[in-house]
Amino acid sequence: MYFSSWLSQLYRGFSRPIGRTTQPIWVPLSRNLMLGSQRKMPEFSSFVARTNTCGELRPSHLGQEVTLCGWIQYRRQNIFLVLRDCHGLVQVVIPQDESAASVKKVLCEAPLESVVRISGTVISRPPGQENPKMPTGAIEIKVKTAELLNSCRKLPFEIKDFVKKTEALRLQYRYLDLRSAQMQHNLRLRSQMVMRMREYLCNLHGFVDVETPTLFKRTPGGAKEFLVPSREPGKFYSLPQSPQQFKQLLMIGGLDRYFQVARCYRDEGSRPDRQPEFTQIDIEMSFVDQTGIQSLTEGLLQYAWPGDRDPVVTPFPSMPFAEALATYGTDKPDTRFGMKITDISDVFRNTKSEFLQDSLSKPQGTVKAICVREGAKYLKRKDIKSIRKCATDHFNQEVLPVFLKANSNWNAPVAKFIEEEHGLELTRMMELQEDDVLLLTAGEHAKACSLLGKLRLECADLLEGRGVVLRDPTQFSFLWVVDFPLFFPKEDNPKELESAHHPFTAPHPSDGHLIYTEPEKVRSQHYDLVLNGHEIGGGSIRIHDAELQRYILSTVLKEDVTLLSHLLQALDYGAPPHGGIALGLDRLMCLVTGAPSIRDVIAFPKSFRGRDLMSSAPDSVPPEELKPYHIQVSWPTDSEAEKGSLNHSLHPES
């Protein structure tokens, strides 16, 4: 029944307001805006051996002779069966008379999930037997002929959403998992939204859809790239992390407005929101500034947004990187709930606590806190212990939990740090109530903020696990994060710099002079789009001056400029000012559908360890097939193999 209700929502709900009208999101699939042709409903039964789909028949079809194809979903007492295709369900009456014995044999003996074609007459269901939960619940099919197109062997799991299946089993039999109502919904919604994006960009704003190469060359910096051997000894292609260089070259080539539904690759482990291969909505424009890119992106999402969700409200709010870090401890803050970070350094300027004084005396030293409202009601002793362990293990930092009791006394574990006047000042500053819990830490500004940002999310998870509603799953809170630093110190060598975004990002116009004197202070024209605490897009205005680009690569980043000689040369041939953005389609769809993982919005995803469990890829290749590529395999030693086996046990397929 879930499938049928989902289908009715699909046709009722995938619409969005445009002015005062409401248009189904799927209408543009069969119209050409450029030619202004009359809108038409999609023809779902054209070119195939059926007259109708299983989900479209209604009382208006009574008496019609129809041919349907689909899977046997359910059978009852060998009298009725439910036939399913991707458009819905319909009930079929199995003939019981002797003259139709062959038809009955086909429909009664075929295993569930077998594929059949039936022909018959649309009739009304008997009075009282209608099913209002099915769109086709007022009618049924009186079968005349039936053909078994393919029988189904015993299934590894039932094709029902309420049947629990491990993710590994779902990925191993992905072609069966795709039949589920939820996967059908997710992939069809993805298709509809991409189609709307194409319409918005190409038909309404003059963008050109250009495919860029998948086989490219190694580029400096960024994530690890997949290498592809060539037949030239010692030379390899790389799969691109993104079409970044190509889209800039397209601007130099005068394309003016480019977009692509682009495949991108990174040789790194899979996570719930990341895959080794993923899809971006990739966009680039000439003669544009940051405001133009942001307005375009907001309009694109507003236009493509599903009509059964609350409409996207524009413009999106904006927040500088420094404010995001100071207030939320992250550059991708979830602004659906409070629990903001507060600087309480001034409260402890005259404290006698050596621990706090030592922290405040250091450069960038600070004391910060977050307030967990009514935390004393919900946080248990083991939770506090886990929170403190997280701070120590991941940040090498101490966090002090402070409980405020009804008598206004501070709890014993931190009494030595907080005197009565400090407690009163904190109560006033943070508007503390009786059951609130304060999580306090002291240390270097960025480190303290990052710690509290992580604990903010962990506390939200703990509270929501005990029934407190903090983050509305139906709310979509967009946010632009801007004014990023152009460079960050390298983690392994803080005296050297690396690009905060990528090396083609232009410096902020106000900070351009600092590039040559104090590059670590330069802000960038880089902007990230955040949705509910997840980065769903990022972009920048690019460097279009060849000399500036060469200086940043060679002098600031100390990269080998010969790897990018083609781009530097192209910039010298009249490159226009340009900029763009890439939206992570998989992550966006994951949030729109409420899926727990991006693997639930990708047709054939990889497992946690980057493997295809269905086909067992990656697979070994015989040595003779490697010879043309001048490659031979160096097998790991026993100790390395043992280490790999240990890693596998720590990170099982999921």
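The legends below describe close-up views of a predicted model.

**Figure 1. Overall content of the predicted chain.** The chain contains 18 helices and 23 strands. Of its 654 residues, 48% count as buried. Among the contacts in the chain with a separation of 6 or more, 68% are accounted for by residues 24 or more positions apart.

Figure 2. Strand β4 covers residues 80-85 and is mostly covered, with six of its six residues buried. In a regular strand the side chains alternate between the two faces of the sheet. In β4, F80, V82 and R84 point one way, while L81, L83 and D85 point the other way, and all are buried. Strand β3 (residues 65-76) runs antiparallel to β4 and is joined to it by five bridges. Within this pairing, W71 has R84 of β4 as its bridge partner. The two strands β3 and β4 form a hairpin with three residues between them, and Q77 in the turn has a positive phi of about 55°. Strand β5 (residues 88-93) is joined to β4 by six bridges, and these two strands also run antiparallel. Here V82 stands opposite Q91 in β5. The hairpin of β4 and β5 has two residues between the strands.

**Figure 3. An open sheet of four strands.** The strands follow the order β14-β15-β17-β16 in an open sheet, and their pairing is antiparallel. The edge strands, each pairing on one side only, are β14 (342-343) and β16 (399-403). Strands of a sheet pair through backbone hydrogen bonds, either parallel or antiparallel. Strand β15 (residues 365-372) and strand β17 (residues 437-444) pair in the antiparallel sense over eight bridges. Along this pairing, A369 stands opposite L440 in β17, and V367 stands opposite A442 in β17. On the other pairing of β17, five bridges join β16 to β17, and the two run antiparallel. There V399 stands opposite T441 in β17. Strand β17 is mostly covered, with seven of its eight residues buried.

Figure 4. In it, β15 and β17 pair over eight bridges. Helix α9 (residues 354-361) packs on this sheet and touches β15, β16 and β17. The direction of α9 makes about 120° with that of β15. Helix α11 (residues 381-395) packs on the sheet as well, touching β16 and β17. The direction of α11 makes about 155° with that of β16.

**Figure 5. The contact of helix α8 with helix α13.** Helix α8 (residues 321-328) and helix α13 (residues 445-465) pack at an angle of about 60°, with their axes 7 Å apart. The two helices α8 and α13 are therefore oblique to each other. From α8, the contact is made by L325, A326 and Y328. From α13, H445, A446, C449, S450, G453 and R456 take part. By class, the contact of α8 with α13 has five nonpolar, three polar and one charged residues.

Figure 6. Y200 and Y303 form a tilted pair, 5.4 Å centre to centre with 45° between the planes. Y200 lies in helix α5 (residues 181-205) and Y303 in helix α7 (residues 290-304), so the pair ties together parts that are 103 residues apart in sequence. Both Y200 and Y303 are buried. In a second pair, the ring centres of F321 and F484 are 5.1 Å apart and the planes lie at 35°, so this pair is tilted. F321 is in helix α8 and F484 in the loop between β18 (478-482) and β19 (487-489), and the pair links distant parts of the chain, 163 residues apart. F321 and F484 are both buried. Ring pairs also link W305, F316, F476, F478, W480 and Y527 into a cluster.

Methods
Residues numbered from 1 in each chain as written. Predicted model: local features only at pLDDT ≥ 70, side-chain atom pairs only at ≥ 80, totals over all residues. Heavy atoms only, no water. Axes fitted to C-alpha atoms, helices over the stretch in contact; angles between N-to-C directions. Parallel < 35°, antiparallel > 145°, perpendicular 65-115°, else oblique. Contact = heavy atoms within 4.5 Å. Nonpolar A, V, L, I, M, F, W, Y, C, P; charged D, E, K, R; others polar. Pairing = 2+ DSSP bridges. Phe/Tyr/Trp six-rings, centres within 6.5 Å; stacked < 30°, edge-to-face > 60°. Buried < 20%, exposed > 50% of the residue type's maximum accessible area, 1.4 Å probe, protein only.
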